[in-house]
Amino acid sequence: MQRHYRALELDKIRKLLAAETACEDAAELALQLTPSVSLSEVQRLLADTDEAFTLMARFGAPSFGGLYNMTNSLRRAEAGGTLNMAELLRVAGVLRTLRGIVDWRSKSAGVKSCLDWRFDSLMPNKYLEDRIYGAILSEEEMSDNASVQLASIRRKIRSASSRVREQLDKMIRSTLYQKYLQDPIVTMRGGRFVVPVKAEFRGEIAGLVHDTSSSGATVFVEPMGVVEANNEVRVLQSQEQAEIERILAELSAETGNFSSGIISGYRAAVELNLIFGKANLGYKMKASLPAVNDKGKILLKKARHPLIDKNRVVPTDIELGIHFDTLVITGPNTGGKTVSLKTVGLLTLMAMCGLMLPVAENSEISVFHQVLADIGDEQSIEQSLSTFSAHMTNIIRIIGQADGNSLILLDELGAGTDPVEGAALAMAILEALRKKGARVAATTHYAELKAYALQTDGVENACCEFDVQTLRPTYRLLIGVPGRSNAFAISLRLGMEEEIVERAKELVSSENTRFEDVVQSLETSRQKLEGERAKAEQAHLEAVRAQKEAQEIRSSIQAEADKEIEKARQQASELVSRTRGQIDALLNEMEELKKQQNKTLSAEQKARLKAGLRVLEETADPIHGRKDEGPYVLPRPLQVGDTVLLYDIDKQGTVLQLPEGNSQNVLVQAGIIQTRVPLSNLRLVQEKKGKEKRRTVTRNVTGRAQAKVTTELDLRGQTTEEAIMNVDRFIDSALLSGIEQLTVIHGKGTGALRAAVQQHLKRHPSVRSYRLGVFGEGEAGVTIVELK
């Protein structure tokens, strides 16, 4: 089976996947990836890849760097063995990577995932990680902080070494010994401090010889005065090494206690690395998730071969197993037939491996128990096999293995032998494979197979489009259309003499010529229909775009209208509020007059004021205002002396002269002015018995009531509650009159009234700021208020 996978280049996809992994074990899993034949397993694998793809798109990819297979070392530690510093550092590196993956997942904890059980298998151990990194600096160096004892020993070593160096430094600086030394330096041999002495003066310096230079001119002598100090250093170094061994044993024991959890977490991380590697490969291929079935149905939309440069590959649509079970692909060489064949097989194997496919949305792929391919020239001189023999040997094995759950891909079926016999053999092979229920796709040059596909149910022609004008293939697969060899047209374009080409046409059988003519007619019709379809699609897209633009314009207009209505409603609300404030101010003034002058306000006057307020509220809303009153009709003909209302200027007058002739103008005395007014602009003012008169005419209030408003308010002598109410009224009146600065007089006194007023001003929504008065304003006895 691996032979067929190689023919379809699955091994190259595996290498691409291995390059997306971060550790050797994950790369090894990628290289050993095997297509699954179980539908449920394939769906699970694809769901894992798609979930990783989605998480990467939202949160970025987790880092898997630092994963090493430490299973053997961990098992040795578990059995009581001691790990070296390099092994312990790698264990800590694995723990750090596991912790990083868990931290990455915690950032997306609110998103459920089918990969969660793998993330849950990761068991970071921050304690052990910090313990190892705190004790070991590098693969060769243990930290002083590894233990108190180690730090103490190293301090003693530094102290003893310092004493030795001091003694030797005195010696090399001494004029007595300088003439015996080769160089005035202190060096080490065998872990002991020595000085380089000229060989001829060896006896002048008492001590132990530890080494000799290669020339023999220098001996390295440990003076007797520092032997004991060097011995002390060596003893301390032995203690240091013993302490390091003890610390390593201790760390190894702790690591061994957690070995099983670390190993299981590592394995889960390797699996996640492979899954995210699949997702990253899908991202690079601009791949999508296909629907999967086990019914042999393949529908690939805009499929691209993943190994062809994405800037050169031509997307193509491929169908098999839905309306037909066998696809015969014909056309000229280098037209893309083999690429189409490999695309079907390779994308099928990729999906069965859990890889996303470089296809458009709504594509569908099937799971097969076997994907068998005969692609390429397998001629073998050693086995004495010709091209035809090699193909036949392979096809014989394929026929023996094929069943109803097989996808068979045959390139250049029947080629390499006599065309008549090869075509007949090719048709027989297709019939044998179809009887076994296999899905078959085959490429060929034989015209007989084109006719066979046209005449046989369940077999469909396809061709790779070729542009004869440019002599270049378009690489588009056209299903339902038989291909032409185009040999004559290509020969002419390449410069072949027309006479030779015409003679070749004469030698072609008449039946074959008629068939080629039919194919040419079909191709011409197809191209024409395809052009018309492209125009129709363009027109449809333009119509959809125009409809969308119209909808957007309509929505914009509706939004603008709603905005204007809301604006008008707010203006009406503000008008009502201002009018209410003006009436309240008027009532307040009347109440004040009542208090000061002991005048009473009649109930009728109050009712009239309230009625006026209702009228203002009803007529102030421009959206929901009063209905049109219609044309006014005089209750009776006018008479000289009648009191009338000039409607447009809201002023009363007296009728002096009625209209004459066809004129509709009435002479009216309004104050000291006489004017002629259209009859339609007059309203009759009826009089009640007695002296009191009242108007019966209702008119829209379009003006703004004016109330007398001052800029000072005196609160002295009032209670806190009265003062607060008067301040509110005072501010409302000032706002209606457009006044921005007010003076509130509260006096100095105990300061209680001032505090209450300022506390209220602090919370008032219309107050911008307030302050005490300054010299000339009343100082602490007044508060100056700035309104918004």
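**View A. Arg189 over the ring of Phe220.** In this predicted model, Arg189 lies over the face of Phe220, and the distance to the ring centre is 4.0 Å.

**View B. Arg683 over the ring of Tyr647.** Here the charged end of Arg683 sits over the ring of Tyr647, at 4.2 Å from the centre of that ring.

**View C. The aromatic pair of Trp104 and Phe276.** Searching the whole structure gives three aromatic pairs. In one of them, the ring centres of Trp104 and Phe276 are 5.7 Å apart and the ring planes stand at 90°, so the pair is classed as edge-to-face, a term applied to planes over 60 degrees apart.

**View D. The ring cluster around Trp104 and Phe276.** Ring pairs join Phe64, Trp104, Phe119 and Phe276 into a cluster, and the edge-to-face pair of Trp104 and Phe276 shown in View C belongs to this group.

**View E. Asp120 in helix α7.** Asp120 is found in helix α7, which spans residues 116-121, and this residue counts as exposed because its relative accessibility is 62%, where exposed means over 50%. Although Asp120 and Gly265 are separated by 145 residues in sequence, their C-alpha atoms are 8.8 Å apart in space.

Definitions and conventions:
Residues are numbered from 1 along each chain as its sequence is written. This is a predicted model: local features need pLDDT of at least 70, side-chain atom pairs count only at pLDDT 80 or more; totals for chains, interfaces and linings use all residues. Side-chain values use heavy atoms; hydrogens and water are left out. Helices (H or I, at least four residues) and strands (E, at least two) are DSSP runs, numbered from the N terminus. Buried means under 20% relative accessible area, exposed over 50%, partly exposed in between (1.4 Å probe, protein chains only). Rings of Phe, Tyr and Trp (its six-membered ring) pair if their centres lie within 6.5 Å; planes under 30 degrees apart count as stacked, over 60 as edge-to-face and the rest as tilted. A charge sits over a ring if NZ of Lys or CZ of Arg is within 6 Å of the ring centre and within 35 degrees of the ring normal.
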